[in-house]
Amino acid sequence: MREGCSNYYSLFSIFAPMNIFKTYPCQSINLKGKLLTFDKPIIMGILNITPDSFFDGGKHNSVENALTRVAQMIEEGVDIIDIGAYSSRPGAPLISAQEEIDRAIPVIESIKRKHPHITLSIDTFRSDVARKAIQAGAHIINDISGGILDDSMFQLVAELQVPYILMHMRGTPETMQHLTDYNDIVNDVAVDLGKKISKLRALGVKDIILDPGYGFAKTMAQNYELLLRVNELHYHGLPILGGISRKSMIYKKLEITPQESLSATTSLNTLLLERGVQILRVHDVKEAKQLTQLLF
(Lines give C-alpha, C1' and ligand atoms only; values in the text may rest on other atoms or scores of the structure.)
Protein backbone atom coordinates (compact mmCIF):
# COMPACT_ATOMS: atom_id res chain seq x y z
CA MET A 1 0.00 0.00 0.00
CA ARG A 2 1.39 3.40 -0.97
CA GLU A 3 2.21 6.04 1.59
CA GLY A 4 -0.82 8.22 2.24
CA CYS A 5 -3.36 5.46 1.62
CA SER A 6 -3.31 3.68 4.96
CA ASN A 7 -5.87 5.90 6.73
CA TYR A 8 -8.56 5.88 4.04
CA TYR A 9 -10.90 3.62 6.00
CA SER A 10 -9.58 4.28 9.49
CA LEU A 11 -12.72 5.93 10.86
CA PHE A 12 -15.10 3.37 9.41
CA SER A 13 -12.95 0.56 10.81
CA ILE A 14 -14.00 1.71 14.27
CA PHE A 15 -17.55 0.72 13.39
CA ALA A 16 -16.65 -2.43 11.45
CA PRO A 17 -15.59 -5.33 13.71
CA MET A 18 -14.14 -7.20 10.72
CA ASN A 19 -12.17 -4.13 9.56
CA ILE A 20 -13.09 -4.98 5.97
CA PHE A 21 -12.63 -1.41 4.81
CA LYS A 22 -8.87 -1.63 5.30
CA THR A 23 -8.58 -4.37 2.70
CA TYR A 24 -9.38 -2.26 -0.35
CA PRO A 25 -6.37 -1.08 -2.34
CA CYS A 26 -5.59 2.59 -2.80
CA GLN A 27 -5.52 3.15 -6.54
CA SER A 28 -4.49 6.10 -8.66
CA ILE A 29 -5.12 7.38 -12.18
CA ASN A 30 -2.94 9.37 -14.57
CA LEU A 31 -4.39 12.74 -15.62
CA LYS A 32 -2.17 13.84 -18.51
CA GLY A 33 0.94 13.32 -16.42
CA LYS A 34 -0.55 14.29 -13.04
CA LEU A 35 -1.24 11.43 -10.63
CA LEU A 36 -4.60 11.49 -8.84
CA THR A 37 -4.45 9.18 -5.83
CA PHE A 38 -7.52 7.98 -3.97
CA ASP A 39 -6.04 8.34 -0.50
CA LYS A 40 -9.30 10.03 0.48
CA PRO A 41 -12.70 10.25 -1.21
CA ILE A 42 -12.92 12.34 -4.36
CA ILE A 43 -15.83 14.69 -5.03
CA MET A 44 -17.02 14.92 -8.63
CA GLY A 45 -19.33 17.85 -9.17
CA ILE A 46 -22.03 17.61 -11.83
CA LEU A 47 -22.21 20.41 -14.37
CA ASN A 48 -25.21 19.86 -16.62
CA ILE A 49 -25.19 22.26 -19.54
CA THR A 50 -28.43 20.85 -20.93
CA PRO A 51 -31.85 22.48 -20.99
CA ASP A 52 -33.64 19.38 -19.75
CA SER A 53 -31.68 17.40 -17.11
CA PHE A 54 -33.92 16.03 -14.39
CA PHE A 55 -32.68 18.21 -11.51
CA ASP A 56 -30.90 21.33 -12.78
CA GLY A 57 -31.64 21.43 -16.48
CA GLY A 58 -31.37 24.92 -17.93
CA LYS A 59 -29.57 26.51 -14.99
CA HIS A 60 -26.06 26.29 -16.43
CA ASN A 61 -26.54 25.98 -20.19
CA SER A 62 -24.69 29.17 -21.06
CA VAL A 63 -20.95 29.71 -20.77
CA GLU A 64 -21.43 32.54 -18.27
CA ASN A 65 -23.73 30.51 -16.00
CA ALA A 66 -21.51 27.47 -16.29
CA LEU A 67 -18.45 29.46 -15.22
CA THR A 68 -20.35 30.87 -12.25
CA ARG A 69 -21.28 27.37 -11.13
CA VAL A 70 -17.73 26.11 -11.66
CA ALA A 71 -16.31 28.90 -9.49
CA GLN A 72 -18.80 27.98 -6.76
CA MET A 73 -17.89 24.30 -6.90
CA ILE A 74 -14.17 25.06 -6.76
CA GLU A 75 -14.74 27.24 -3.70
CA GLU A 76 -16.67 24.37 -2.11
CA GLY A 77 -13.78 21.95 -2.64
CA VAL A 78 -14.64 19.99 -5.79
CA ASP A 79 -11.97 17.64 -7.15
CA ILE A 80 -13.40 16.83 -10.60
CA ILE A 81 -16.07 18.63 -12.62
CA ASP A 82 -18.16 16.35 -14.82
CA ILE A 83 -19.60 18.16 -17.84
CA GLY A 84 -22.71 16.77 -19.45
CA ALA A 85 -24.23 18.20 -22.64
CA TYR A 86 -26.73 15.40 -23.28
CA SER A 87 -29.54 14.44 -20.92
CA SER A 88 -29.75 10.68 -20.31
CA ARG A 89 -32.97 10.82 -18.33
CA PRO A 90 -35.69 8.48 -19.65
CA GLY A 91 -37.68 10.21 -22.35
CA ALA A 92 -35.09 12.89 -23.03
CA PRO A 93 -35.05 14.01 -26.69
CA LEU A 94 -32.28 12.70 -28.91
CA ILE A 95 -29.79 15.35 -30.02
CA SER A 96 -27.08 15.09 -32.65
CA ALA A 97 -23.42 14.64 -31.85
CA GLN A 98 -22.75 18.06 -33.34
CA GLU A 99 -25.26 19.71 -31.02
CA GLU A 100 -23.65 17.97 -28.06
CA ILE A 101 -20.23 19.19 -29.22
CA ASP A 102 -21.53 22.73 -29.73
CA ARG A 103 -22.82 22.76 -26.16
CA ALA A 104 -19.79 21.17 -24.47
CA ILE A 105 -16.68 22.50 -26.16
CA PRO A 106 -17.12 26.26 -25.52
CA VAL A 107 -17.74 25.50 -21.84
CA ILE A 108 -14.68 23.23 -21.54
CA GLU A 109 -12.46 25.76 -23.27
CA SER A 110 -13.73 28.58 -21.07
CA ILE A 111 -13.19 26.60 -17.88
CA LYS A 112 -9.66 25.67 -18.93
CA ARG A 113 -8.81 29.32 -19.60
CA LYS A 114 -10.20 30.54 -16.29
CA HIS A 115 -9.34 27.54 -14.09
CA PRO A 116 -6.46 25.72 -15.82
CA HIS A 117 -5.70 23.43 -12.88
CA ILE A 118 -9.17 21.93 -12.37
CA THR A 119 -9.74 18.35 -13.50
CA LEU A 120 -12.57 17.93 -16.02
CA SER A 121 -14.47 14.90 -17.25
CA ILE A 122 -16.82 14.72 -20.22
CA ASP A 123 -20.06 12.83 -19.67
CA THR A 124 -20.80 11.33 -23.09
CA PHE A 125 -21.33 7.98 -24.79
CA ARG A 126 -20.17 9.28 -28.19
CA SER A 127 -16.55 8.83 -29.19
CA ASP A 128 -16.48 11.87 -31.47
CA VAL A 129 -17.78 14.09 -28.66
CA ALA A 130 -15.25 12.54 -26.27
CA ARG A 131 -12.38 13.18 -28.67
CA LYS A 132 -13.29 16.85 -29.12
CA ALA A 133 -13.67 17.27 -25.35
CA ILE A 134 -10.27 15.77 -24.57
CA GLN A 135 -8.68 17.95 -27.25
CA ALA A 136 -10.37 20.98 -25.67
CA GLY A 137 -8.88 20.22 -22.25
CA ALA A 138 -10.93 17.53 -20.51
CA HIS A 139 -9.02 14.77 -18.75
CA ILE A 140 -11.51 11.91 -18.25
CA ILE A 141 -14.20 10.22 -20.37
CA ASN A 142 -17.33 9.31 -18.40
CA ASP A 143 -19.37 6.92 -20.55
CA ILE A 144 -22.82 6.00 -19.21
CA SER A 145 -23.14 3.23 -21.80
CA GLY A 146 -19.94 1.39 -20.99
CA GLY A 147 -19.09 1.29 -24.68
CA ILE A 148 -22.32 -0.31 -25.87
CA LEU A 149 -23.72 2.75 -27.67
CA ASP A 150 -20.58 3.54 -29.66
CA ASP A 151 -18.36 0.73 -30.94
CA SER A 152 -15.47 3.17 -31.35
CA MET A 153 -15.34 4.31 -27.73
CA PHE A 154 -12.96 1.67 -26.34
CA GLN A 155 -10.54 2.17 -29.23
CA LEU A 156 -10.61 5.93 -28.69
CA VAL A 157 -9.83 5.58 -24.98
CA ALA A 158 -6.89 3.32 -25.85
CA GLU A 159 -5.67 5.79 -28.47
CA LEU A 160 -5.89 8.82 -26.19
CA GLN A 161 -4.74 6.97 -23.04
CA VAL A 162 -7.06 8.89 -20.75
CA PRO A 163 -8.93 7.62 -17.68
CA TYR A 164 -12.25 6.00 -18.55
CA ILE A 165 -15.30 5.69 -16.32
CA LEU A 166 -16.94 2.40 -17.26
CA MET A 167 -20.59 2.39 -16.23
CA HIS A 168 -22.98 -0.53 -16.27
CA MET A 169 -26.09 -0.09 -18.40
CA ARG A 170 -28.29 -2.15 -20.66
CA GLY A 171 -30.03 -0.88 -23.78
CA THR A 172 -30.47 2.85 -24.29
CA PRO A 173 -31.92 5.59 -22.07
CA GLU A 174 -35.21 4.98 -23.90
CA THR A 175 -35.28 1.19 -23.39
CA MET A 176 -33.18 0.53 -20.29
CA GLN A 177 -36.02 0.32 -17.78
CA HIS A 178 -37.45 -2.66 -19.67
CA LEU A 179 -34.16 -4.57 -19.33
CA THR A 180 -34.06 -5.31 -15.60
CA ASP A 181 -34.08 -9.13 -15.57
CA TYR A 182 -31.07 -10.33 -13.55
CA ASN A 183 -30.19 -13.58 -11.79
CA ASP A 184 -28.23 -11.70 -9.13
CA ILE A 185 -27.93 -7.97 -9.69
CA VAL A 186 -24.50 -7.55 -8.11
CA ASN A 187 -22.96 -10.65 -9.64
CA ASP A 188 -24.39 -9.89 -13.06
CA VAL A 189 -23.13 -6.29 -12.96
CA ALA A 190 -19.70 -7.49 -11.82
CA VAL A 191 -19.49 -10.06 -14.61
CA ASP A 192 -20.57 -7.57 -17.26
CA LEU A 193 -18.04 -5.00 -16.06
CA GLY A 194 -15.37 -7.71 -15.91
CA LYS A 195 -15.87 -8.62 -19.58
CA LYS A 196 -15.49 -4.98 -20.59
CA ILE A 197 -12.46 -4.50 -18.37
CA SER A 198 -10.82 -7.40 -20.21
CA LYS A 199 -11.56 -5.76 -23.58
CA LEU A 200 -10.14 -2.46 -22.42
CA ARG A 201 -7.01 -4.08 -20.97
CA ALA A 202 -6.46 -5.97 -24.23
CA LEU A 203 -6.46 -2.61 -26.02
CA GLY A 204 -3.91 -1.22 -23.57
CA VAL A 205 -6.20 0.98 -21.47
CA LYS A 206 -4.57 1.52 -18.09
CA ASP A 207 -6.85 3.80 -16.05
CA ILE A 208 -10.39 2.49 -15.50
CA ILE A 209 -12.97 3.63 -12.94
CA LEU A 210 -16.11 1.54 -12.35
CA ASP A 211 -19.63 2.92 -11.99
CA PRO A 212 -22.41 0.46 -11.02
CA GLY A 213 -24.91 2.60 -12.90
CA TYR A 214 -27.56 3.33 -10.30
CA GLY A 215 -30.87 4.02 -12.01
CA PHE A 216 -29.80 2.59 -15.37
CA ALA A 217 -31.59 -0.68 -16.27
CA LYS A 218 -32.32 -1.37 -12.61
CA THR A 219 -35.48 -1.51 -10.54
CA MET A 220 -35.83 0.34 -7.26
CA ALA A 221 -35.05 -2.82 -5.28
CA GLN A 222 -32.07 -3.64 -7.49
CA ASN A 223 -30.63 -0.16 -6.99
CA TYR A 224 -30.67 -0.59 -3.22
CA GLU A 225 -29.25 -4.09 -3.28
CA LEU A 226 -26.46 -2.84 -5.51
CA LEU A 227 -25.84 0.04 -3.13
CA LEU A 228 -25.67 -2.19 -0.06
CA ARG A 229 -23.39 -4.72 -1.79
CA VAL A 230 -21.29 -2.34 -3.87
CA ASN A 231 -18.20 -3.35 -1.89
CA GLU A 232 -18.30 -6.67 -3.80
CA LEU A 233 -17.20 -4.78 -6.92
CA HIS A 234 -13.81 -4.21 -5.29
CA TYR A 235 -13.07 -7.70 -6.59
CA HIS A 236 -11.90 -6.00 -9.79
CA GLY A 237 -9.31 -3.92 -7.92
CA LEU A 238 -10.37 -0.65 -9.54
CA PRO A 239 -11.66 2.66 -8.17
CA ILE A 240 -15.44 2.83 -7.86
CA LEU A 241 -17.67 5.83 -8.50
CA GLY A 242 -21.05 6.18 -6.83
CA GLY A 243 -23.63 8.37 -8.52
CA ILE A 244 -26.93 8.43 -6.64
CA SER A 245 -27.30 12.19 -6.23
CA ARG A 246 -30.99 13.21 -6.10
CA LYS A 247 -31.98 10.26 -8.30
CA SER A 248 -35.44 8.73 -8.57
CA MET A 249 -34.35 5.79 -6.41
CA ILE A 250 -34.40 8.38 -3.62
CA TYR A 251 -37.18 10.81 -4.35
CA LYS A 252 -39.67 8.27 -5.68
CA LYS A 253 -39.12 5.98 -2.71
CA LEU A 254 -39.71 8.86 -0.31
CA GLU A 255 -42.48 10.40 -2.45
CA ILE A 256 -40.74 13.76 -2.55
CA THR A 257 -39.23 15.90 -5.31
CA PRO A 258 -35.59 15.90 -6.46
CA GLN A 259 -35.30 19.36 -4.89
CA GLU A 260 -36.19 17.86 -1.49
CA SER A 261 -33.77 14.94 -1.66
CA LEU A 262 -30.47 16.41 -0.48
CA SER A 263 -30.48 14.98 3.05
CA ALA A 264 -31.42 11.52 1.79
CA THR A 265 -28.69 11.74 -0.85
CA THR A 266 -26.15 12.54 1.85
CA SER A 267 -27.33 9.57 3.92
CA LEU A 268 -26.88 7.17 1.01
CA ASN A 269 -23.52 8.71 0.13
CA THR A 270 -22.43 7.80 3.64
CA LEU A 271 -23.31 4.17 2.93
CA LEU A 272 -21.34 4.32 -0.32
CA LEU A 273 -18.27 5.65 1.48
CA GLU A 274 -18.64 3.00 4.17
CA ARG A 275 -18.47 0.38 1.43
CA GLY A 276 -15.28 1.78 -0.04
CA VAL A 277 -16.55 3.92 -2.91
CA GLN A 278 -13.76 6.34 -3.80
CA ILE A 279 -15.63 8.92 -5.90
CA LEU A 280 -18.95 10.58 -5.13
CA ARG A 281 -20.65 12.15 -8.15
CA VAL A 282 -22.93 14.86 -6.77
CA HIS A 283 -24.97 17.94 -7.53
CA ASP A 284 -24.20 19.37 -4.06
CA VAL A 285 -20.46 19.70 -3.65
CA LYS A 286 -20.46 21.57 -0.34
CA GLU A 287 -22.48 18.94 1.50
CA ALA A 288 -20.54 16.03 0.02
CA LYS A 289 -17.23 17.66 0.89
CA GLN A 290 -18.40 18.26 4.47
CA LEU A 291 -19.38 14.59 4.68
CA THR A 292 -15.90 13.45 3.71
CA GLN A 293 -14.31 15.97 6.08
CA LEU A 294 -16.35 14.55 8.95
CA LEU A 295 -15.57 10.92 8.17
CA PHE A 296 -12.01 11.08 6.88
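Colleague: What makes Ile-43, Glu-76, Gly-77 and Asp-79 contacts of Lys-289?

Modeller: In this predicted model, contact means heavy atoms within 4.5 Å. Leaving aside neighbours within four places in sequence, Lys-289 is in contact with Ile-43, Glu-76, Gly-77 and Asp-79. Lys-289 itself belongs to helix H10, which covers residues 285-295.

Colleague: Why is Lys-289 called buried?

Modeller: Its relative accessibility is 15%, and buried means under 20%. Lys-289 therefore counts as buried.

Colleague: What makes Ser-245 and Asn-269 part of the lining of the second largest cavity?

Modeller: Lining residues have an atom within 4 Å of a point of the cavity. Ser-245 and Asn-269 are among the residues that line the second largest cavity, and so are Leu-262, Ala-288 and Leu-291. The volume of this cavity is about 50 Å³.

Colleague: What is known of the second largest pocket, and why is it called a pocket rather than a cavity?

Modeller: A cavity is a set of points from which the probe cannot get out, whereas a pocket is an open set; hence the name. The second largest pocket holds about 180 Å³ of space. It is lined by 13 residues, and those closest to its centre include Phe-154 and Lys-196. H6 gives the most to this lining, with 4 residues. The lining of the second largest pocket divides into 4 nonpolar, 3 polar and 6 charged residues.

Conventions:
Residues are numbered from 1 along each chain as its sequence is written. This is a predicted model: local features need pLDDT of at least 70, side-chain atom pairs count only at pLDDT 80 or more; totals for chains, interfaces and linings use all residues. Side-chain values use heavy atoms; hydrogens and water are left out. Helices (H or I, at least four residues) and strands (E, at least two) are DSSP runs, numbered from the N terminus. Buried means under 20% relative accessible area, exposed over 50%, partly exposed in between (1.4 Å probe, protein chains only). On a 1 Å grid over the protein atoms alone, a cavity is a set of points where a 1.4 Å probe fits but cannot get out, and a pocket is an open set with protein on both sides within 12 Å along at least five of seven lines; lining residues have an atom within 4 Å of a point. Grid points are joined across faces, edges and corners, and a volume is the space filled by probe spheres set on the points. Ala, Val, Leu, Ile, Met, Phe, Trp, Tyr, Cys and Pro count as nonpolar, Asp, Glu, Lys and Arg as charged, and the others, Gly among them, as polar.
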